[in-house]
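Here's a walk through one protein chain, written to be read with the structure open beside you. Take a moment to turn the model around before you start.

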Amino acid sequence: MAEILKAIKGMNDILPPESARWEWLEDVVRKVMRRYGYQNMRTPIVEPTALFVRGLGEVTDIVEKEMYSFEDSLNGDKLTLRPEGTAGSVRAIIEHNFLYEGGKRLYYIGPMFRHERPQKGRYRQFHQVGAEVLGFAGPDVDAELILMTAALWRDLGLEIGRDVSLQINSLGQPEERKAHRAALIAYLESHAEQLDEEARRRLHTNPLRILDTKNPAMQAIVEGAPKLIDFLGEASLEHFGAIKHVLDVAGVPYQVNTRLVRGMDYYNLTVFEWVTDKLGAQGTVCGGGRYDGLIEQLGGKSAPAVGWGLGMERLLLLLQEVGIESPSTSPDAFAVVFAGTPLSTVLTTIEGLRAKGVQVVLNPAGKDGPASPKSQFKKADASGARFALIFGPDEVAQGQVSVKPLRDGGEQVMRSLAATGEWAESLLPSSRS
C-alpha cells in the first residue's frame with residue numbers, strides 16, 4: 001500500500017463540524033465590517049521576501065527566525081509565505097495607486113505563515129482578520145478602529161473586562177523614539193550584566209523590544225527603564241489624549257501600558273492590544289496601531305495609515321473557553337424516502353423548499369434503492385433536523401408529503417406537493433422566517 005501522507009506539522013485541516021464555527025465567525029466579522037464601511041481586499045499568499053524585510057524590520061523576530069522563505073527554482077526570485085497582512089496590503093495599495101481618489105477602509109481574512117513551535121493557539125499556518133485604514137491622519141480613525149473591535153466582541157458574546165481587556169500606548173513620532181532610544185540604550189548598558197542573551201543581542205538593534213520581555217528575572221530592570229511616553233511632544237500627547245477621551249465617553253475601559261510596543265518596526269503613535277487571561281501564555285487576541293511611515297518606506301507616496309489584526313484560532317479558543325457556541329448548523333428538514341416513490345417528485349419538491357430558504361438534506365439512495373425507513377429516521381434524528389419530510393408512494397400519488405416534527409413533539413401533518421411556497425416558511429426557525 002502507498003504511504004499515507006499527512007499534513008505538515010502546525011498546519012491543520014479544518015473539517016465539519018469545526019469548520020461551521022469558522023464560517024460563523026467570518027460571517028460576524030463581515031457584518032461588523034459592513035456596518036463600519038470597510039471593503040474586502042484579497043492579496044497573494046506569496047510575496048517578495050524584500051517586502052517583509054523592508055516593511056517589518058530586519059531585526060524583528062518574524063524576519064530573523066519565523067518566515068517561510070525560499071528561492072523560486074524557475075527564476076531565482078526570493079519569495080516568502082506572508083507572515084502577516086499589513087505589508088502585503090500596503091504593497092497592493094502602492095502598486096495599484098489605490099489612494100488616488102482618497103482614503104480607504106479595507107479588511108481581509110486569510111491564512112498567514114510563521115515557522116515557530118506549534119502549540120495551542122499558535123500554529124505554523126494560522127488565520128487572521130485584519131482591518132487597515134489608509135489615508136487618514138486623525139485620532140478619530142484610531143478610536144473608531146478600537147470601537148469596531150469592541151463592537152465585534154459584543155456581537156460574538158464576549159464581555160469587555162471579563163473576557164477581554166484593552167491596553168493602549170503611544171510610541172510617538174520617529175524623532176521622539178530616537179531620543180528615547182538613546183536614553184534606553186544608556187540605561188540598559190548600565191545594567192548590562194543583568195541582561196539575558198536575547199536582550200544583549202537586541203541592545204543596539206531593537207532595544208524597544210527588550211521592554212516586552214517575558215523573562216521574570218528582567219522585570220525589575222524593565223520597570224525602571226525610561227518610559228517612551230515621557231519623551232512625547234505636545235502633538236503626540238494630544239493625539240493620544242483624543243483617543244483616550246473617545247474611549248472614556250464611549251464607556252470602553254482601557255489600561256495605559258507604557259511597555260506595550262508591538263512586534264513590528266513600522267508602528268508610530270497609537271498601539272493597542274486586546275488581551276485575555278483565559279488562554280494561558282497566548283494572551284493577545286487582537287493588536288494593532290498606526291504606521292504612518294510604512295507606505296513611503298515601501299516606495300509609495302507618503303500617507304498615514306492605521307490598522308489591526310486578530311488571530312482567528314486564538315479567538316475561537318477564547319470563545320470556546322468562555323462557553324460561547326456558534327449557532328446550530330443543523331438542517332431544517334430531512335427527507336425520508338420510501339421505496340417506490342418517484343425520485344423526480346422528491347427532488348423537485350425539495351428544490352422548491354430550498355428556493356424558499358429551507359435547508360433540506362436528502363439521504364442518498366444506494367444501488368438497491370432507498371435505505372430502510374428505520375435507518376433513515378435514525379439519520380434524520382442524528383442530523384439535528386427539526387422536521388422529517390416523509391415521501392411515501394401512496395402520499396406522493398395523492399400529491400402530498402407528510403411533515404413530522406422531530407424536536408418539539410408537535411403533530412404530524414400532510415402538505416401539498418404543488419404548494420410548497422405556502423408552507424415552506426413553517427419549516428424555518430423564527431430567527432430566519
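Let's begin with contacts, where two residues touch if heavy atoms lie within 4.5 Å. Among contacts between residues at least 6 apart in sequence, 70% join residues at least 24 apart. Keep in mind that this is a predicted model: local features need pLDDT of at least 70 and side-chain atom pairs count only at pLDDT 80 or more, while totals for chains, interfaces and linings use all residues. Residues are numbered from 1 along each chain as its sequence is written, and side-chain values use heavy atoms, with hydrogens and water left out.

**The whole chain**

The chain has 15 helices and 16 strands. These are DSSP runs numbered from the N terminus: helices are H or I with at least four residues, and strands are E with at least two. With a radius of gyration of 28 Å, well over the 22 Å that the globule rule gives for 433 residues, the chain is more spread out than a compact globule. (That radius is taken over C-alpha atoms, and the rule is 2.2 Å times the number of residues to the power 0.38.) Along the principal axes, the C-alpha atoms fill a box of roughly 90 × 60 × 45 Å.

How much of the chain is buried? Of its 433 residues, 46% count as buried; that label means under 20% relative accessible area, with exposed over 50% and partly exposed in between (1.4 Å probe, protein chains only).

**A sheet with helices on it**

Now find the open sheet of 5 strands, in the order β13-β12-β14-β15-β16, with mixed pairing. Two strands pair if DSSP finds at least two bridges between them. At the edges sit β13 (360–362) and β16 (413–416), each pairing on one side only. From one strand to the next, the twist averages 30°. Strands β12 (residues 333–337) and β13 run parallel and are joined by 3 bridges; Ala333, for one, has Val360 in β13 as its bridge partner.

Which strands does helix α12 touch? Helix α12 (residues 343–355) packs on the sheet against β12, β13 and β14 (387–391), and its direction makes about 160° with that of β13. Helix α13 (residues 373–383) lies across β12, β14 and β15 (400–405), running at about 175° to β12. For these angles, axes are lines fitted to C-alpha atoms (for helices, over the stretch in contact), and values run from 0 to 180 degrees between N-to-C directions.

**Charged pairs**

Side chains of opposite charge can pair when their charged atoms come close. The structure holds 17 salt bridges, each being a side-chain nitrogen of Lys or Arg within 4 Å of a carboxyl oxygen of Asp or Glu. Here are some of them:

| Pair | N to O distance |
|---|---|
| Arg21 and Glu18 | 3.2 Å |
| Glu144 and Arg105 | 3.1 Å |
| Arg290 and Asp292 | 2.8 Å |

Arg21 and Glu18 are 3 residues apart in helix α1 (residues 18–35), so about one helical turn separates them. Arg21 is buried at 12%, whereas Glu18 is partly exposed at 33%. Glu144 in helix α5 (residues 139–156) and Arg105 in strand β5 (residues 104–113) are 39 residues apart, linking distant parts of the chain. Arg290 counts as buried at 0% relative accessibility, and Asp292 does too, at 19%. Glu47, Arg91 and Glu95 form a network of salt bridges.
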